[in-house]
Amino acid sequence: MQVEAWRSPRFVFGPASSDRAEDNPGEGRRHASPDAGLTLLIAEDEGLVAMNMENALVEAGFRVLGIVDTEADVIEAALRLKPDVIVMDITLREGNGITAARRIQDSLRVRIVFVSGNSDPSTLAAAREIRSSGFIRKPFLTDGFADLVRDAVRRGE
Amino acid sequence: MLGDEGKVSVSCHAQACYLPTQEVIPVALIANELITNAFKYGYPDGGGGAIRVTCEKEEGAIVLTVSDDGTALPADFEPAASNGLGMKMITSLAKQLRATLDIVRLDPGKAFRLRVPNSEI
């Protein structure tokens, strides 16, 4: 299912890279990757968007440990499951992803990739203060989503 | 794909139920998937039949039911484990709604019963 129909600038911070996967849509999507097997937690409060993310990430070789949709649940699940990566929506059903990220990073070393349609300056500034691996703007194209996450994870290393 | 026109009938009996927009959209998407499934798989031999859609208030919840008198579900049918896109959508949306989806096996047919909690009902 294609939920989103067009591409928009997604990474708003992090170093520029000339070999970004998004420059080559679909490139490497079905091939083994050094990131294959990374464990991942999805925090997203729109059920269909979460399902779409999960499908794309599993197909790309990530291991999705779970999907949660509240600040309390993402903190609890992160501390319990200790994923390598958290794909974090900023607006959650209860609470928000930035507060959750701060709480999680107090006690866990984990790469966090924010995904949000809310890219106003104050949100970006708050996200920038956190040791995050990147910021993917919604709407995103399903075909390129796993590459964007993989790219962000590599930048964050 | 959706059965021979005129052979499958759909009836709808609904109480006036009100839900917030962010809940009624997922409920509508689930209804769409359940009714489409009933058309596609309920009466595969072309003999036709009935699909019933009801929406009722229960204490603390709204209950949407889509039922048919057609084929039985596989014995091991489990919505959350289904590989079909439609059932995956239904389970994702039900989770978002904190709703429960019960499957009632009828003779013949089946009913899908979605119970959406709502504290104002």
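Begin the tour by selecting R155(A) and D151(A), whose side chains form a salt bridge with the closest N and O atoms 3.3 Å apart. The two residues are four places apart in helix α5 of chain A, so about one helical turn separates them. Both R155(A) and D151(A) are buried. The model on the screen is a predicted one.

**Chain A as a whole**

Five helices and five strands can be traced in chain A. Followed along the sequence, these elements come in the order β-α-β-α-β-α-β-α-β-α. Of the 157 residues in chain A, 55% are buried. Among the contacts of chain A between residues at least 6 apart in sequence, 70% join residues at least 24 apart. Shown as a surface, chain A has an accessible area of about 7200 Å², and carbon and sulfur atoms account for 48% of that area.

**Further salt bridges in chain A**

Now select D89(A) and K138(A). This pair forms a salt bridge, with 3.5 Å between the closest N and O atoms. D89(A) belongs to strand β3 (residues 85-89) and K138(A) to the loop between β5 (134-137) and α5 (142-155), so the pair ties together parts of chain A that are 49 residues apart in sequence. D89(A) counts as buried, because its relative accessibility is 4% and the cut-off for that class is under 20%.

Move on to R80(A) and E76(A), where a salt bridge joins the side chains at 2.6 Å, N to O. Both residues lie in helix α2 of chain A, and because they are four residues apart, about one helical turn lies between them. R80(A) is exposed, at 54% relative accessible area, whereas E76(A) is partly exposed, at 40%. Over all chains, the whole structure contains 11 salt bridges.

Is E71(A) buried or exposed? E71(A) is buried, with a relative accessible area of 15%. A polar atom of the E71(A) side chain lies 2.8 Å from the backbone nitrogen of N96(A). Not counting residues up to four places away in sequence, E71(A) touches several residues, including L92(A), E94(A), T99(A) and A100(A). The C-alpha atoms of E71(A) and R93(A) are 7.7 Å apart, although 22 residues separate the two along the chain.

Then select T70(A), in the loop between β2 (63-68) and α2 of chain A. T70(A) is buried, with a relative accessible area of 5%. Neighbours within four places in sequence aside, the contacts of T70(A) are L92(A), R93(A), E94(A) and, in chain B, R98(B).

**Where chain A meets chain B**

Finally, show both chains. Which residue of chain A forms a salt bridge with R98(B)? The partner is D69(A), with the closest N and O atoms 2.7 Å apart. One salt bridge is counted between chain A and chain B.

The contact takes in 11 residues of chain A and nine residues of chain B. The area buried between the chains is about 860 Å², with 52% from carbon and sulfur atoms. To end the tour, select L48(A), M51(A) and R93(A), which supply 49% of the area that chain A buries against chain B, more than any other three residues.

Terms used. Residues are numbered from 1 along each chain as its sequence is written. Chains are lettered from A and ligands numbered from 1 in the order in which they are written. This is a predicted model: local features need pLDDT of at least 70, side-chain atom pairs count only at pLDDT 80 or more; totals for chains, interfaces and linings use all residues. Side-chain values use heavy atoms; hydrogens and water are left out. Buried means under 20% relative accessible area, exposed over 50%, partly exposed in between (1.4 Å probe, protein chains only). Contact means heavy atoms within 4.5 Å. Accessible areas come from the Shrake-Rupley method with a 1.4 Å probe; for residues, only the protein chains shown count as cover. Buried area is the accessible area (1.4 Å probe) that two parts lose on being put together, summed over both. A salt bridge is a side-chain nitrogen of Lys or Arg within 4 Å of a carboxyl oxygen of Asp or Glu. A polar contact is a pair of N or O atoms within 3.5 Å; within protein, one must be able to donate a hydrogen and the other to accept it, and residues adjacent in sequence count only if both atoms are side-chain atoms.
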